[in-house]
Every structure is written in C-alpha cells, then in structure tokens.
Amino acid sequence: MKLELRGITKRFGTLIANDSIDLVVEPGEIHCLLGENGAGKSTLMNVLYGLYRADEGEILLDDHVQNFHGPGDAMRAGIGMVHQHFMLIPVFTVAENLMLGHESTRAGGVLDLDAARKRVREISARFGFDIDPDALIEDLPVGVQQRVEIIKALSHEAQVLVFDEPTAVLTPQETDELMDIMRQLKASGASIVFITHKLREVREVADRITVVRLGKVVGEASPTATNAELASMMVGRAVELTVHKEAPKLGERALVVEGLTVLDPTGQILVNDVGFDVRAGEILAIAGVQGNGQTELTEALVGLRNEVRGSIRLNGKELVGASVRGILDVGVGFVPEDRNEDGLVGTFTIAENLILDRSHGEPFVRWGSLRLDYLQKFAAEKFAEFDVRAAGVESQVGSLSGGNQQKVVLARELSRDLSLLVAAQPTRGVDVGSIEFIHKRIVQTRDAGVPVVVVSTELDEVAALADRIMVMYRGRIVGIVPGNTPRDVLGLMMAGETPAEGAAA
C-alpha cells in the first residue's frame, strides 16, 4: 500500500510541530524518518495514526484521501503502529492483548480466545517469532514484548507499519533481530516508516531517508550517506561525531561502593548487593536496558533514596545516611536523567537555575541576602562558556530547547569544585550538536582528575566516553569490562549473560 502525506501542518498553540510536511512511502519500502528528539517526527506519525488531527494537509492511501477520526479508523484503513512505549496490559496474556479493542465472541457471548491464539501462532510461524499465546506479557523479555506489538499490528491486516523509536529499550542483539523482522515485512510488501535518531540503524536498514528538523522536511538522503552528512542535515551545521580523549591518568580509588542494596518503599530490592570503585581521572559508564537498577543506583549515590544499605565512600567519607545537601557540599555534581523533573525549575530564569543547589551561602549569599550583582556576573560567564542559546540569562529555562536546558544543568554542576560527577542519561533528548559539546565537557572533567560515573542506555555514548563499562541486569552487576569491549559482548551482558573469562577489568 502506498502512503502519501501532503502538506501536513500541526500546531499546538503558537508552536508549529509539523510545518507543511510532504512524505511518500512506497509499497515494500523502509522509509526512515530521521531527526532529533523534538523535530516533529512522532507528532507527524500520531497524525497519520489518528491520534492527532492535522490543522492542514491530507493523508492518502493508494491515492485515496483518508479522514481519520481516531486510531480505529487508521487501523481499519490498514495502518499499524509499534509505539516506543508498548501499549500492552502486563497481566494479560499475549492472546488477550491481541483481542483488546477487537473482541470476537462465540455462541453465548464467550470471548473467542481460541481464534486469537490461532492468529498469534500463524503470525509467529510466518516470521519465526516463537511466542506462546498464553504467556503473560509481564513474564516476557522486552524484545519479545515488542514482537507482540508487531503481531497486534499484523493481526489487523496492517499494510503500512510505523515503528516509533523501536530500539530505545532493546539490547543490540534484539535491535539486530528487529532489523531482520523489518526486512521480512518489507519483503512481504508492507510499507514501513521507521522513526529514529540513531544514525547507525538508519544506514543499516533504510531504503530512503527523509530528514526533519524543527518541524520541517530539510531534505532526503541515501543510506550510503555518511554519519557526518546525516548529522549535519539534522543539526544544520557540521558536527564532530567522534569523542577525542587521551588515555586516562588514573589516580587513587576515589569512589568505593560496597554491598550496596536499594529497596523501594514496599521492600522490593531494586539494586542488589552492588560493589565497584571509580578512580580519580576515570570515567566508569554504567550500561543496561532502562529499568535494571541504574536509576536507583545513581539516586543512592547522591542521597535521593531512603532505603539504602551498604557503603558509599568518597575520598574516605561515608555518604550513606548523609543528606542530599551534605553530599552536594562535599563536591558531588549530579546531572539527573529527567532534567525537567529533577534538574531545573522551568519558571525560574537561567540565572536562578544556575544556583539552585548553591543559594544557601557564599559566594552567592552574604549576610542572608542574595548578591544579585555577583549572580548576574557569574550567570553571564557560564551563559557564554556553555554556549547557551537564549535571549539572555533572564530567559525562563522552560522556554529553552532540550539541548540548551541540559547545558544549563551542566553549567551549574561543573562550575563547582567537584570530587565526583554523576551524569545520568546526559544527552537524552538532546540534538547531535549539543551531544558533541556535552561529551567534550564530560571528558574535560575526567581529565581534570575527577572521577566520573555516566549512566546511559545508548551504547554509542557508553563506548565513546567509557574507560571502563559496568553492565547492570535486574539490579545486579553482570560484569565490569574495558571501554573498548565489542557491542555484541555488551549486548549479551545487557541480557544477563556473564562476560567470558578475561573480559572483566
């Protein structure tokens, strides 16, 4: 089925999320929609799927104009969507999830689960999925859950399939398997729209590439284009994609973690007896699929978790039991994974956000009063040093792009005398150009002799920054390996497999 979008425009108040976008996807084609987070890719696909109504433009399937009032209309027309965040009910079986919204009954009004089971087996056999129709979703690995999403779409005879950032929660091996599935779907004649911001995946599987920037199509590219060429189209300028760093000049063991266990309020173990160390002048990157204890570990390091057992020593000082203020005051810098929730106050100015954790004493407060002249001078210096793009330091942080918000967080955390930097998902939702800048600053911090802990679900980022890599799975450490460990080895570790003898460091 041929898909065509003509002049799609979608506004949210004064924000134009999609600006007169044209897109054509031919039958049997994998068409990649490439762009940074916030470029308008997902909004465009939500218009296609009936979740949003376009303010202008039209959708055509096989040259016939469509008028979708909701996802049901889109599905009936042959459009299926595999969402980044799975639309599955964890306590239901695969077959039960397949029936949701499309319930069929037998005589007497009984749900016809047998028909759903049969459909699961048919599609599984065709694509080699090997999925038990009676398995509970919550018992299935993430990669298998995604296959269930694909089965759901195919069970409704979808001929146009949209994959929205489908690899965000997958291991490298699961990503490779997904690429194979997409090729099989293409061979069956399906039209595929693949939304991503990961250049390696684009070049591996796409037949054609459309690049979107700030809500507009800025051009088409071939899969033979280099990463640098694609990145420059996404950002609008040349981008240095390689992190240049010298071998680390290692100092003493600065951060020593022993027997660390973190529990939630109900007593469930989230981090299970973890131990590791980080030396001065070293970057330890923590890798793993999201949700395997990394978030809770970083929160324990900075005192944001109450139920913590074990020991965290920084330069000999015990941090377990210390207040967040006390931990920050000994020189711990923290870049949280959710800057809007935990890193910034959107209604505060850039200047005010730059002293969120330093507004209680010198040099910003004297005799109980805020030194506004000193704050303005400091903020102006950091505004220039970190290349924050805004009208000025009095601009509200909430009005900035994701990349500029992250620069404000980094400017605040790196402007103090640090004894440890903890950076969780430091480039999440950030454009390629800002990623380049953030990576350089993290390496500079390491080169200044500071121990650095980076948590990232992006393997490219882990490989670029790490001197050593610690992989977590279900709250435990699978292994700690050198920074140059191959992706396939890391992928197996992310799935819980212990590294081969000699790989650990």
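Colleague: Which residues form a nonpolar patch on the surface?

Modeller: Phe-12, Leu-15, Leu-51 and Tyr-52 do, with about 360 Å² of accessible area together. A patch takes residues with over 30% relative accessible area and no salt bridge, joining like charges within 9 Å and nonpolar side chains (Val, Leu, Ile, Met, Phe, Trp, Tyr) within 5 Å. A salt bridge is a side-chain nitrogen of Lys or Arg within 4 Å of a carboxyl oxygen of Asp or Glu. Accessible areas come from the Shrake-Rupley method with a 1.4 Å probe, and for residues only the protein chains shown count as cover.

Colleague: What should I know about the model itself?

Modeller: This is a predicted model, where local features need pLDDT of at least 70, side-chain atom pairs count only at pLDDT 80 or more, and totals for chains, interfaces and linings use all residues. Residues are numbered from 1 along each chain as its sequence is written, and side-chain values use heavy atoms, leaving out hydrogens and water.

Colleague: Back to Tyr-52, where does it lie?

Modeller: In the loop between helix H1 (41–48) and strand S4 (56–61). Helices (H or I, at least four residues) and strands (E, at least two) are DSSP runs, numbered from the N terminus. Tyr-52 is partly exposed, at 31% relative accessible area; buried means under 20%, exposed over 50%, and partly exposed in between (1.4 Å probe, protein chains only).

Colleague: New topic: is Ser-311 buried or exposed?

Modeller: Ser-311 counts as buried because its relative accessibility is 12%. Its place is in strand S14 (residues 308–314).

Colleague: Which side chains does the Ser-311 side chain make a polar contact with?

Modeller: One is Arg-313, at 3.3 Å, and another is Glu-318, at 2.7 Å. A polar contact is a pair of N or O atoms within 3.5 Å; within protein, one must be able to donate a hydrogen and the other to accept it, and residues adjacent in sequence count only if both atoms are side-chain atoms.

Colleague: Where is Gln-425, and what is its phi?

Modeller: Gln-425 is in the loop between strand S19 (420–424) and helix H15 (432–447). Its phi is positive, about 45°, although it is not a glycine. Most residues other than glycine have a negative phi. Gln-425 is also buried, with a relative accessible area of 5%.

Colleague: And how many helices and strands are in the protein chain?

Modeller: There are 17 helices and 22 strands. Of the 505 residues, 53% count as buried. The C-alpha trace spans about 75 × 50 × 45 Å along its principal axes.
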